[in-house]
Amino acid sequence: MSILRHKNQKNNIQDKTTERINKIKKKKKKRANRQILQITYIFVVAFLALIAYIAHFVAVDSKNVVTNAHNRRLQSMAEKVVRGKIISSDGKVLAQTLTENGSEIRDYPYGRMFAHVVGYNDKGKSGLESVCNFDLLKSDANLMTQITSSLKGEKSIGDNVYTTLNTKVQKAAYYALQGQKGAVVAMDPETGKIYAMVSKPDYRPAYVKENWTELNTSKNSLLLNRATQGLYPPGSTFKVVTALEYMREHKNTYKNFKYHCTGYTTVGTLKIHCYGGEAHGTVNLEQAIEKSCNCAFVHMSEEINKGKLASLAGDLMYNSKVPINLLANRSRFVLDKKSGTNEMAHTSIGQGQTLITPLENAMVMSVIANDGVVMQPYLVENVKNIDGGVIKETKASKLSEPLEASECETLKKMLRKVVTKGTGTRAYSSHYNVYGKTGSAEYNSAKDSHAWFIGCAERGGKKIVVSVLVEGGDSGGRVAAPIADKVFHAFLD
């Protein structure tokens with residue numbers, strides 16, 4: 001009996017031992033499976049990251065690599081191809097390669113006029129010379145022509161880049177800004193085509209190599225394209241955004257807005273004056289825009305949601321870089337729902353920490369002119385070979401639609417009053433319909449101001465938006481509006 005019990009106990013011990021061993025094996029197997037699964041996840045994530053990187057490189061970075069002046073492939077192409085021409089939309093040559101005494105030189109027939117937008121091709125590259133570097137060094141000429149040139153020991157002729165730039169509009173902007181620092185951008189709000197881009201002071205692109213030291217040491221930042229890289233407080237041009245947000249938040253009552261302006265107002269620790277201390281009397285919303293009444297807009301800001309104003313500014317591309325193939329700076333808008341009363345007051349009239357480029361301010365006006373649709377701005381219409389065959393072309397592309405068409409119509413009517421009877425009368429014309437907004441943006445403790453004007457002119461189905469910035473110009477109405485008028489006239493008359 002005891003022997004049988006002993007055997008049973010022995011069998012139980014063996015069974016428990018076997019069970020324990022099986023459990024240990026299962027745990028090890030689970031652990032091994034878990035490790036295999038973790039390694040699999042790591043490889044999957046790494047693979048997906050690699051795919052994402054390749055996609056990003058192909059879509060974005062590859063363009064920079066291809067156009068980089070230090071790309072050896074491009075240097076090799078330059079030995080076999082005569083660099084193509086850069087041509088305006090009206091058929092004028094803006095840049096070309098000539099041969100003098102057996103050497104190639106890059107020639108710019110318009111001298112300084114297109115300096116920043118067309119760029120230079122020595123000591124590196126800038127502007128369209130940089131953006132279109134690959135296209136200009138690629139030859140899609142007839143194959144037999146290329147073979148014949150090769151047999152003769154001659155270079156093939158590179159493709160030509162046809163731009164959206166209009167020489168008449170560029171010339172008007174260039175001479176209107178003459179003698180002043182600043183920038184002018186003119187564009188088609190319905191397609192995104194840029195007709196003109198001027199930055200002052202400028203330089204001679206054909207002599208960059210000889211003047212390289214001066215160009216890089218000058219206090220005037222001669223190589224800086226102020227149109228895309230210059231950041232300035234928007235001043236009263238921002239009141240367009242403030243007014244729109246106020247209308248959105250007070251849809252049924254904004255027409256009843258009233259404020260009595262005495263020339264200054266106090267908010268928190270701030271004392272804010274209207275331009276020149278002018279007292280505008282009792283004004284409604286339309287008159288506040290027309291007269292650019294700072295006090296009315298500061299009062300208005302007390303009834304605006306800070307977070308919603310920040311959201312609208314973001315929709316209008318603040319805190320974003322305008323998607324254009326040129327060196328461009330990102331605008332800045334720091335106001336949020338946590339911001340204080342003083343910052344809100346400053347921001348509502350385009351002061352404080354808000355900064356914008358002339359190109360982006362042109363985009364803000366373009367949204368209004370195009371009934372709420374943002375079009376991607378572009379400078380290259382197409383690329384053609386020496387025989388005139390189109391190699392590639394740019395198609396108009398919509399970026400977003402942040403505003404309602406009805407909102408834009410209301411703003412247009414208000415901005416029309418700015419030009420017919422308000423601060424922007426020097427941009428008025430009886431030949432076409434003009435609407436816009438002036439701005440005088442303080443930029444230092446001495447209260448010196450930059451002069452702004454953003455506006456649109458229309459006639460017979462043609463539209464042109466212009467953004468003008470004059471550094472230290474003081475009054476947007478007196479200084480910037482007449483410049484815009486000359487550009488409007490060049491395009492529409």
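In this predicted model, five strands form an open sheet in the order S8-S7-S19-S18-S17, with antiparallel pairing; strands are DSSP runs of E with at least two residues, helices are runs of H or I with at least four, and both are numbered from the N terminus. Two strands count as paired if DSSP finds at least two bridges between them. Strand S8 (194-200) and strand S17 (433-442) stand at the edges with a single partner strand each, so one side of each is left without a neighbour in the sheet. Neighbouring strands of this sheet are turned against each other by 5° on average, direction ignored. Such angles are taken between N-to-C directions and run from 0 to 180 degrees, with axes fitted as lines to C-alpha atoms, for helices over the stretch in contact. Residues are numbered from 1 along each chain as its sequence is written. Local features need pLDDT of at least 70 and side-chain atom pairs count only at pLDDT 80 or more, while totals for chains, interfaces and linings use all residues, and side-chain values use heavy atoms, leaving out hydrogens and water.

Within the sheet, S17 and strand S18 (residues 449-459) pair in the antiparallel sense over 10 bridges, and alanine 441 has histidine 450 in S18 as its bridge partner. The loop between S17 and S18 holds lysine 447, which has a positive phi of about 65° although it is not a glycine. Lysine 447 counts as exposed at 52% relative accessibility, where exposed means over 50% relative accessible area, buried under 20% and partly exposed in between (1.4 Å probe, protein chains only). Helix H17 (residues 476-492) lies across S7, S8, S17, S18 and S19, and runs at about 30° to S18.

Not counting residues up to four places away in sequence, lysine 200 touches Tyr174, Leu177, Gln178, Gln180, Lys181, Gly182 and Arg226, contact meaning heavy atoms within 4.5 Å. A cis peptide bond with omega of about 0° joins lysine 200 to proline 201, and proline 201 lies in the loop between S8 and helix H8 (212-217).

Elsewhere, strand S3 (residues 93-100) and strand S4 (residues 103-107) run antiparallel and are joined by 5 bridges, with threonine 97 partnered by arginine 106 in S4. The two strands form a hairpin with 2 residues between them, and asparagine 101 in the turn has a positive phi of about 55°.

On a 1 Å grid over the protein atoms alone, a cavity is a set of points where a 1.4 Å probe fits but cannot get out, a pocket is an open set with protein on both sides within 12 Å along at least five of seven lines, and lining residues have an atom within 4 Å of a point. Grid points are joined across faces, edges and corners, and a volume is the space filled by probe spheres set on the points. The largest cavity has a volume of about 40 Å³ and is lined by Val240, Val241, Leu244, Leu316, Val364, Ile368, Leu403 and Leu411.

The second largest pocket holds about 890 Å³. Of its 39 lining residues, Cys274, Tyr275, Gly276, Asn294 and Ser440 lie nearest the centre. S17 gives the largest share of this lining, 5 residues.
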